[in-house]
Structures are given as C-alpha cells and as structure tokens.
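My notes follow in the order I took them.

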Number of protein chains: 2
Amino acid sequence: MTSLVPDPTRRDNTLAIVDTLRNQGPMARIDLGTANGISSATVTAITTELLRHGLVSELPAEPHRQGGRGRPKTLIRLEPEAAHVVCVKLSLNEVQVVAGDFAGQVRHAETHSLTTATLTPDTLCDVLEEHIQAVSAALPGGPRRLDGICLAIQGVVSPASGMLIWSPALRFRNTPLTGPLAERLGCPVMLENDTNCIASILARQPAYADTPNLAVIMLGYGIGMSVLIDGRPLLGANGSAAEIGHSKFEPGGALCACGRRGCIEAYASDYALYREAHALLSLPPGDSAHPSEAQMQALVRLAEQGDPVARQIYHKAGRALGYGIANVLALFNPDLVLVTGSGVRGYAAMQPALEAAIDEALVPELVGASRLATHPWDRDMTCLGGIGLILEATDPMRLTDLSS
Amino acid sequence: MTSLVPDPTRRDNTLAIVDTLRNQGPMARIDLGTANGISSATVTAITTELLRHGLVSELPAEPHRQGGRGRPKTLIRLEPEAAHVVCVKLSLNEVQVVAGDFAGQVRHAETHSLTTATLTPDTLCDVLEEHIQAVSAALPGGPRRLDGICLAIQGVVSPASGMLIWSPALRFRNTPLTGPLAERLGCPVMLENDTNCIASILARQPAYADTPNLAVIMLGYGIGMSVLIDGRPLLGANGSAAEIGHSKFEPGGALCACGRRGCIEAYASDYALYREAHALLSLPPGDSAHPSEAQMQALVRLAEQGDPVARQIYHKAGRALGYGIANVLALFNPDLVLVTGSGVRGYAAMQPALEAAIDEALVPELVGASRLATHPWDRDMTCLGGIGLILEATDPMRLTDLSS
C-alpha cells in the first residue's frame, strides 16, 4: 500500500487541513496554516499532495476587496467527487437515507416508511442494502462506489463493537450490525446513536463554540441525549451513556416503553403526551401508540389555545423533564443544556412547569452558570451529522489507494 | 530562571518518571524506561539531572534473585526530603491536617475539632494558617518550607478559580480561598472536592486499572461522588459536577440539608438516617443533627440485629440510593460504581433494597456490564489523595529553582 502521508505528524496535519476545509469551506493556504498552527511550507507540501491525488482543487484567485494588499489569494477547496458517503437514520417506522460528498454536502436524500417492529436482523440488512444501493444509483454519475456508511439509530448502540444494544424501533436486541452491512456493501460502516449525530453537528456551530460542556436533549417519539465534555462526546463503558430518557422522575410512576416505570420519557415523549391526551381530547385519527406529527401538532395547538386538559398534560411533562434536567445539571454541570428534536414544538407549553421544577429541585449553587436553551427543529440534522462523522472517520489515504 | 528541563518533551518525560517513582516506588532505570516508553539514553540523562538537583537518589544495587541474569540493577528512588506538602481536609466540625513528603508518604497528621458553622472566611484562614504552620513545625528538622497545599473540602468547589462555592460545613458561600491562603503561607494552594481526592487515589490502585470509567460514591455525613471518564475526573463547567447527593429520588420528598426536597442525601446520608432513627430508637446521646460515629455504629448494629425500625430506615435509604445509582448508570454508563466513605458501615443493611431499586428502575440493557462494589473505609484516604494531587501539580523545576 503506497501511503500519501507517511509520518504521524504529517498525517495529523493532513487530516486537520481536510477537516478545516470541510467545516469552513474553501480557504487560502496561508489561512489554513493559521487556523491549524502549521507552517506555510508544510501547508504547501500537503496541499500539493492532496491536489496531485485529486482530493482538493484550486479556486480562481479571490479578487481584491477594497484596501486589500499583496498578491490575490488562491483558495483551496475539497473536491466534492473525491468521496461519497451515506448516512442512514433508522427510527420507529421510518428510514432516512442521505448521501453526501467529500465536502460534507448533501447530494441526495430519501425517506421511506416501513414497519420496523417486524424486522429481523436479516430483513433489516436487506432493507438497508436495497435503499443504500438505490441512493448510490441516484447520484449523478451513479451508481457510485461508497466510501463509508454511518448508521444512526435511535436507542442504545455500542459504536466500538458495532452492536445494536436496544432500540425502541426494533424488536431484536444485542445484535451486531456493522459487520454484516460492511460485508454486503463492501465499505466501512459505523454505528452511532442518532442524538450523537445531532450533537456533533451542533457542536461545530459558532453559536456553541464557547460551550464545550454541552448536553443536547432530543425530544420526539423517545427522549435522547448526547453529552459533550470538553468538546468530546461521552460514550461510557459500552456506549449507553447519557440516557436521560430512562433516568427517573418518580419511582413507580408512569409506564415507559422500556418496560420500567417513572422514566422521564414516560412523561415527556410524544407517545407519553399522546397517551394521556387521546382518551380525553378530540385529535386527528391515527395510531395512538405512534402519534404522527399532525396528531402532535394538534395536541400542542390545544395547549396553546388554553385547553385545560392539554395544558395539564404539558405541565406534567414539563415538570418531569425539569426534574430530569435538574439531575443533568447536578451530575454534569454543563455550560449549556440545549433542547431540540421534533418535540420542541411543545417546549413553550412545558416551559413554565419545567423551569419551576428545576428551581424546586436545585439550589442556585448547583444550577450555577449553566444555561438552558432550545434549538429549532426546522430540519432533521441527524443525517447531516452522520455524514460529518463518517467523513471525519474516513482516511483520505484510503481514498487515494482505492481510486488509483 | 534556569530551567532543569528546557524542552517540552523532556519536561513531560521528567514528570512521567517522577510520577512513576512516586506511584510504584524505587525502580531501575531500565524499568523506568519500559514503564514510560522512553529510551534508556533519555532515562539516564533525566535521572542524572534529577540526581544532580537532589530530587532522586540511588539505592544500592538489588542482589540477584535466584535465576537472575546480567548486572545487578541500581534502583532510583525519589528523595523524600526534596519537597514537603500539606493536605487539609475540612469537613463538618473537623479539620484534618496531614503533611507528606516528595515521595508521597505521610510524615505527620493531626485532627482538630472546631465549630465550622461559625467560621467566617477570615477566621477560617486564621485557623488553617495556624494548623498548617504547626504541622510544618512538627516535621523532622522543621519548621519546613512548604512546597504546596491542597485544601480538600466537602461540598462544591471550583478548582479552576479557587472558589469555595458551597459546603455543608460552612455558612458562607462563593468565596475565594486559595488566593488568601497562598498569600499568607507563601506557597501554591489548590482547592479540591474531598471525593475527588479519594477517587484520585483509588484510581491509582491496580484493582481499578481496568475500570477507566469509574464512579466513586462517598457515603458519610453527606453524599458525594467523583466520576472518572476514561481516567480523567469530570469537573463540569465550574467544578460542581457529579453531585449525586443532590440528584433526586422523588419530587417533594425528604428535606435535604441543601434546603430542597427529595435529594438522595436526604435519605441515605448519616444525618438523614439518624433523623429518622433518633425519635424511635434508643441510641447513644449526642448532637442528633450531626451524629457521631458511635451513634451511627449503634444504629447499624440495631439493623443488623433485626430491629424492624432500624431495618426499615436502611431499607428506605437503600431504595433511594439505588435509584440514585440507577441514574448514574443511565447517564454515565460506568465500568464500575464504587461505594465507599464512613457510611459503608451501613451498606449491608441497605444492599437488598438498593439492588432491588436498580433492577426496578432500569432494564438490563441499561445496566449493561456496569459493576457495583464497595471499597472498605478502614482509613480516611482523602488527605493521602490530596497529597498525591498537590505533588502531581508541583513542578520539580520549581523545587530546584527555589532550593538553589
């Protein structure tokens, strides 16, 4: 195997330059050096290699803005076609398949409905293989060789071993997934929790640059969390850390999808909110165990309009989630707790009880300087995050070896 | 300022060698190299420098054991007299002052009773200054110049800013402590949570070498925790992470010393256990708000002898602590939860309810491979841990600069 960048420091610098170009877009060599603390001689040597292997290209020199001095700068950009990756998001009764390029841009996206509860490990792999191949074929110039796949699954997964441990979308548990899929598709497959994908993309946003200790809570059908500690995701011993959804509000409380009682999810997730609501309120028809976005929107609207039953349901949910967040504050002392996911649609209805619960639970010294905020859920960022993670894990060296 | 070890790598290697000698005792140069992945030429150069500055000394060559080959090995050991440090542990109505040497060995220890609740920041500093100077004078060849002080305080502290945020032992809050003390005593002062000191020394024990994700819970007058993630202590944004004592068992539950309700500490700490017991059981006389070890021993004995009231008290405490540990498992997914502190005296009486509570709270997938164990509390390791931490933070370069 010929290697593009033989020594470890050179390799680290190459990866840093590729990451910078992916996160910040086209840049001049001198700015790449400044951003990464690398000498311009090293930047030049590395970009020359990357150019030679077709991983980057040069953009025409920037015209001088008024007052600019010196030679106009040639920009370096990642060559989008140098790699193609796919992120698959599997959640209850839905699979999203999104293809991205070497620059981290989305090139194609599909969403399919399916009954996830009836899947076996084999039929899940059949479905995923089929959808991934269809997306690869739909790419311009396709079918394209894929350089990596990120499987983002709601629930508990072990990224290190590639095992699905437990997902509310699936009946089977403790099953290896990355190995069989990698064999079928002939490319590396990584497994991630869906919330970790979201957190990875949020953490890269400039708005959150000063909050290295960040807890991202995803409200939706279930409740997930990803915790960044000094910017690094908390994984735990086998990947099941940060499970706020199954931390406790009250012993012996509401029944959770996990089979235990009193979990935060059993009060503040979509299924929990709808379970309380559907007997008493007039809501759009549909599967009451798996409420649709239309059903949830209708419930939120009732609360916003002052319906006392709907308000009481969101009040209780806010109180439970507030206690859950209080435990997160006491145990992690984060800079910021960021609430997002499709369930933020109901945040305003939960907010008063949620904030009162935190105040009831914790003395101000334990809340400290931790802030609480929401992030809008105008689009599902899971696959964008997953594409970023699989690209980050993809060694540029390997791309050139394979394409040569 | 002349520097003993000018370049950064050389400096890291020097610190690594000093740490290895402190943690593992006298070692041959070749073994020091192996343990730290350093060439023997580098080890020789560094130990020569350290010898020249009186920071290490040579021990006579080890006689060959049966079957040994080659030249007998000369051992290098830290020179105990090269530095003297003190750890002060402040807890409710008690201050421990322990002096240690450069090798991390305890050289002198004192324990004093005092009424901590009446202290002001100034009178606290007066008391600490007096006790620390007395300990320094009591050292062989004293009074000795001190090279560093670790202040280990029960409660919430900010190591980065040197601020005491909140301690159950003290009435005042949000007060800088390290600055004033460093000025009075003329040496560096660090501030640590008492549980972090314990965790730091436990994490160095070979028994816990394979549990890099370790939660150490300290039971006693209050309930503290220290969480190591991949071997690094979790501090949080301002040092108040891992506060399991104030995570919640049930909303609106038992009143906690913090002023809120339903905290784990309000059920399973000494004061909480004794509060339930003293009206109904015949126990040794004393301050019922601050039960003594004799009072707590008497309560545990009653439970062990089958007294139904005492058993019920420990049952409820075990259930609350079990729910607290369940949240730790769900949120941190540690390799091991280790329960220690003087309160382990009652662990056996709590254990059945505690284990049942974890099982009631969490599905097996979320308990995963996490283990639960106790560590005996035959001696208070806080100051030994604090001595280790302040020595680790003490730059050998600074010692030679000051002593030359």
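I started with strand 9 of chain B and strand 10 (residues 175-176) of chain B, which pair in the antiparallel sense over two bridges. I count two strands as paired if DSSP finds at least two bridges between them. Helices (H or I, at least four residues) and strands (E, at least two) are DSSP runs, numbered from the N terminus. Leu164(B) stands opposite Thr175(B) in strand 10 of chain B.

I then went to the other partner I had listed for strand 9 of chain B. Strand 8 (residues 156-158) of chain B runs antiparallel to strand 9 (residues 163-166) of chain B, joined by three bridges. Ser158(B) has Met163(B) as its bridge partner. These two strands form a hairpin with four residues between them, and Gly162(B) in the turn has a positive phi of about 70 degrees.

**Ground rules**

The model is predicted: local features need pLDDT of at least 70, side-chain atom pairs count only at pLDDT 80 or more, and totals for chains, interfaces and linings use all residues. Residues are numbered from 1 along each chain as its sequence is written, chains are lettered from A and ligands numbered from 1 in the order in which they are written, and side-chain values use heavy atoms, with hydrogens and water left out.

**Five-strand sheet, chain B**

I traced an open sheet of five strands in chain B, in the order 6-5-4-7-11, with mixed pairing. Strand 6 (106-113) and strand 11 (189-193) of chain B stand at the edges; each has a single partner strand, so one side of each is left without a neighbour in the sheet. The twist averages 15 degrees from one strand to the next. Axes here are lines fitted to C-alpha atoms, for helices over the stretch in contact, and angles run from 0 to 180 degrees between N-to-C directions.

Inside the sheet, strand 4 (residues 84-91) and strand 5 (residues 94-101) of chain B pair antiparallel over eight bridges. Val86(B) stands opposite Ala99(B).

Helix 6 of chain B touches strand 4, strand 7 (148-153) and strand 11 of chain B, and its direction makes about 90 degrees with that of strand 11 of chain B. Contact means heavy atoms within 4.5 Å. Helix 13 of chain B lies across strand 4, strand 5, strand 6, strand 7 and strand 11 of chain B, at about 135 degrees to strand 4 of chain B.

**Helix 6 against helix 13, chain B**

How do the axes of helix 6 and helix 13 of chain B cross? The axes of helix 6 (residues 194-203) and helix 13 (residues 382-392) of chain B come within 7 Å and cross at roughly 80 degrees. That makes helix 6 of chain B roughly perpendicular to helix 13 of chain B; the range for that word is 65 to 115 degrees. On the helix 6 side I listed Asp194(B), Asn196(B), Cys197(B), Ile198(B), Ser200(B) and Ile201(B). They meet Thr382(B), Leu384(B), Gly385(B), Gly386(B) and Leu389(B) in helix 13 of chain B.

**Three-strand sheet, chain B**

I found an open sheet of three strands in chain B, order 1-3-2, with antiparallel pairing. Strand 1 (27-28) and strand 2 (56-59) of chain B are the edge strands, each pairing on one side only. Four bridges join strand 2 of chain B to strand 3 (residues 75-78) of chain B. Val56(B) stands opposite Leu78(B). Helix 3 (residues 40-52) of chain B packs on this sheet, touching strand 2 and strand 3 of chain B.

**Strand 5, chain A**

I checked burial here. Seven of the eight residues of strand 5 (residues 94-101) of chain A are buried; buried means under 20% relative accessible area (1.4 Å probe, protein chains only). Strand 5 of chain A pairs antiparallel with strand 4 (residues 84-91) of chain A over eight bridges, and with strand 6 (residues 106-113) of chain A over seven bridges. In the turn between strand 5 and strand 6 of chain A, Gly104(A) has a positive phi of about 85 degrees.

**Two residues, chain A**

Is His246(A) buried or exposed? His246(A) is buried, at a relative accessible area of 5%. The contacts of His246(A) include Trp166(A), Cys256(A) and, from chain B, Leu362(B).

Thr211(A) is also buried, at 4% relative accessibility. Beyond four places in sequence, Thr211(A) is in contact with Asp335(A), Leu336(A) and Arg371(A).

Terms used
Angles under 35 degrees count as roughly parallel, over 145 as roughly antiparallel, 65 to 115 as roughly perpendicular and the rest as oblique. Buried means under 20% relative accessible area, exposed over 50%, partly exposed in between (1.4 Å probe, protein chains only).
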